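Here are my notes on this model.

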Amino acid sequence: MRPTDEPPSHLGPSLLLLLQLLGPAAAFFPNIWSLLAAPGSITHQDLTEEAALNVTLQLFLEQPPPGRPPLRLEDFLGRTLLADNLFAAYFGPGSPSRRFRAALGEVSRANAAQDFLPTSRNDPDLHFDAERLGQGRARLVGALGETVVAARALDHSLARQRLGAALHALQDFYSHSNWVELGKQQPHPHLLWPRQGLRNLAQVGDPTCSDCDEWSCPGNLLGFTLLTSGYFGTHPSKPPGKCSHGGHFDQSSSQPPRGGINKDSTSPGFSPHHMLHLQAANLALLASIQAFSLLRSRLGDRGFSRLLDITPASSLSFVLDTTGSMGEEINAAKIQARHIVEQRRGGPMEPTHYVLVPFHDPGFGPVFTTSDPDSFWQQLNEIHALGGGDEPEMCLSALELALLHTPPLSDIFVFTDASPKDAFLTNRVESLTQERRCRVTFLLTEDPSRVQGRPRREVLSPLRFEPYEAVALASGGEVIFTKDQYIQDVAAIVGDSVADLVTLPLEPPVVVPERPLVFSVDGLLQRVTVRIHGEVSSFWIRNPAGVSQGQEEGEGPLGHTRRFGQFWMVRMNDPLQTGTWEIQVTAKGTPRVRVQAQTSLDFLFHFGIPMKDGPHPGLYPLTQPVAGLHSQLLVEVTGLGSRGNPGDPLPHFSHVVLRGVPHGAELGRVPLEPMGPRERGLLVASLPPTLLSTAGPFSLELIGQDGVGQGLRRVAPQPCAVVPVLLEVRCQRKVRLRLERTGPAAPPLTGPPPQLSGPPGFLAPGTEAPLSLRIASFSGPQDLDLRTSVNPSFALTSNLSRVRLEQNESAWGCLWLKVPDTAASDSVVMVTVTAMNREASTVPPTHAFLRLLVRGPTPQVRRPHFPLQDRQGERRVVQTYLGAATLTASPSSPQDQLPAPVHSTDPVLTTTSPAFHLSTLVTPGRAGGGLVGNPWWGTVGAVLLLLGLASW
């Protein structure tokens, strides 16, 4: 018999508020964190990443790398399939997979978000629930079509969101329907290619389930051959005789016929058909591989690679002041761009995306984006310094425009000699750099103390460049002052930054008189560069052996020194001695010191709130930690395979240190706990509210050891920020204003938030789009002003401009965005909502960003014509016998054939075994054995739960 239902009385008020706001949902469990509730289960994240890596490997096998030997499938049999290994084999040893893993994380995060977001969590069409199979198929195909539209418009963030939503629905079909119980061994042939309607569907009057009063219900489906799915919750209500989704949190499962049929997990408390979980996951994986292959066919290899950022290279983004005094700076940008294009053309480090935004006064833009280096060079070559000449300029507006169009994890370079006229944008641009994870470097040929220079309309403050300092600090970049005669040499840092450098932590982080700066060098670093900027009278650098080098230009015992006015660059000789290095600087004022190096050992990080109760436990993602909330920090270490000797143990990190910014005071040190096999590099740290009690910036520094016991330190590229309130904005159809409160002395919450659905990130010219706004406080009373803006300047109205929140109180509001008839197709629109504390001017504002795409007229959708077999006329399958993987070729039987894209949709490495040992996708070499009893399977361990939640 079932245990008695008990309310989650042990939860704290903050988590109770989030649970009420989230409400119920139903699907495969969302992400790796979910496995704490049901060990051994296969999550949406696992299925998504495994499918993506299979199709990526297939792309690598079919497209030999230029200048390198082709990959061989047999080289991957018997090995764990990891993104780092794929990139090393295809692009060369040490090639960073960080951007690829981040892109996969965006898809996985969007997939998991379907179980959390109010726009999707209770919509049966998005989960193939309530026998709404035809409607679910239409929404699935629509989401895949929207993925193609967004990808072709070069809005890859939106494309990944729509892809994640599509994969979630596709995977849910095999868990929520009775396709597995009908004995099917292949994915449904018409879900992705809807030339024919779904057949043999159960009708409203057809009974489908018998009563089951146990958690496990293996025989509750009636004997029939019709396709059905379970009902969940109370909307829509379950008709007599119909199956429920089932599980402890499904209200419909207590109504006859009791029980359910979902196969979401291995736990009978969540999944009455838990015994079929692995079979459902097997089919969901094969179907996901088909979906990725279909997208590859529609977008082409280049477009598909852009969608998933399958490259070790970064983007190249320039923001250029084009006023009359900027001739030298523009020429420097052209020289660096030309050098990068020519040096890296055709190689793995050739930039994949180019962005150019000019500005002057009073205008800025338009933005130019391309993936063609020749088009970029032609556009850049047409820019000349003309007109203007007075200060200030619209620099931050141009930078904001560049951030909207630059891919995440990129560097942006700003060339100017003027202060910003739009300094009011400083806080917003700071937050946008962190949301996009882009690093901004300002190259200024105006000395902040200079009184002579180009004309000015007014007397300007000597602090006029502080907005640039603030943006650089928030983004992990820097501000470099130089002169016209040195700008071409100083601009060489552009080429270095495109090479994926990491910044090494300094102790202390700023220069203190008579105290050396200390940094650590480990065996995985190379091409270390020291940059010193300021009115320096002398400096020296000392290695662990006591060998020193001073400021003299030229070759020294440790490296080569060059000077360009007040800018010094020391490029250290490889190989470097490992251990503790020192830098001593004597200067007037406060000089800046920055140490950077190349390495493939780096990390991604994300924040989330654990949702341990409910039908789908998992991590609710946060863009930034919120004051008063107990948060989880999830770390994904990249480049673990880059250890010095292949036989050495893997590097590992044991602690994360939080430091205040900019002075570097240690705020706390928290242990990192591994999640799953070490080669996946997944770590988690628990951040209590006391550690994140004060709003403000902080940095993350990982502490650990390499495989031979030497110390490792890595610091995040950008600082983080504790925000005072949780602020979210999304597309909706129906919204209403309301307040909610919970806590020991507060009345209980009266119900879930409004059930909302709407356009998923797309706008149509001549329409009005409703958006929803939610704001919550978990740390105390907040009296807030809410401000909104749109880029470009579309009309936006709101019914919520001011709100006062008590602790654990939440408010909902609505905004209406009017899209003009003249809105350009495929143009990006960014909506920004800012919450500012009315009573405490020292509390930083909180920003939420919603990224939208204007969609042109919808073309008629035609079913693509694909051959029934791959180009060899046979299907490749890896069969498993007693733990060994064997490559076989078997003719396709007519009943098993699917309409296939030009690229085979069969997994490169897969299994015909219903036991679904995932290790057979990459052979049994996966740490910890196969999938059964081992929840930590998968390949790209991307627990990426941060970027872009607000862009839903």
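Are Cys212 and Cys217 buried or exposed? Both Cys212 and Cys217 are buried. Keep in mind that the model is predicted.

1. Disulfide count. The chain has two disulfides. Counting bonded cysteines along the chain, the pattern is 1-4, 2-3.

2. Cys212 to Cys217. The sulfur atoms of this disulfide lie 2.1 Å apart. The torsion about the S-S bond is about -90 degrees, so this link is left-handed.

3. Cys209 to Cys243. Here the S to S distance is 1.9 Å. The link is right-handed, with 95 degrees about the S-S bond. Cys209 and Cys243 both sit in the loop between α6 (156-176) and α7 (277-307), 34 residues apart. Cys209 has a relative accessible area of 8%, which is under 20%, so Cys209 counts as buried. Cys243 is buried too, at 1%.

4. Further cysteines. Cys438 is buried, with 0% relative accessibility. Cys720 is buried at 1%.

5. The sheet. Five strands make an open, antiparallel sheet, ordered β16-β15-β17-β21-β20. The edges are β16 (618-622) and β20 (673-674); each has a single partner strand, so one side of each lacks a neighbour in the sheet.

6. Inside the sheet. β15 (residues 602-611) pairs with β17 (residues 631-638) over seven bridges, in the antiparallel sense. His606 has Leu634 in β17 as its bridge partner. Helix α4 (residues 98-113) packs on the sheet and touches β15 and β17. The directions of α4 and β15 make an angle of about 20 degrees.

Terms used
Residues numbered from 1 in each chain as written. Predicted model: local features only at pLDDT ≥ 70, side-chain atom pairs only at ≥ 80, totals over all residues. Heavy atoms only, no water. Pairing = 2+ DSSP bridges. Helix = DSSP H or I, 4+ residues; strand = E, 2+ residues; numbered from the N terminus. Contact = heavy atoms within 4.5 Å. Axes fitted to C-alpha atoms, helices over the stretch in contact; angles between N-to-C directions. Disulfide = S-S within 2.5 Å. Buried < 20%, exposed > 50% of the residue type's maximum accessible area, 1.4 Å probe, protein only.
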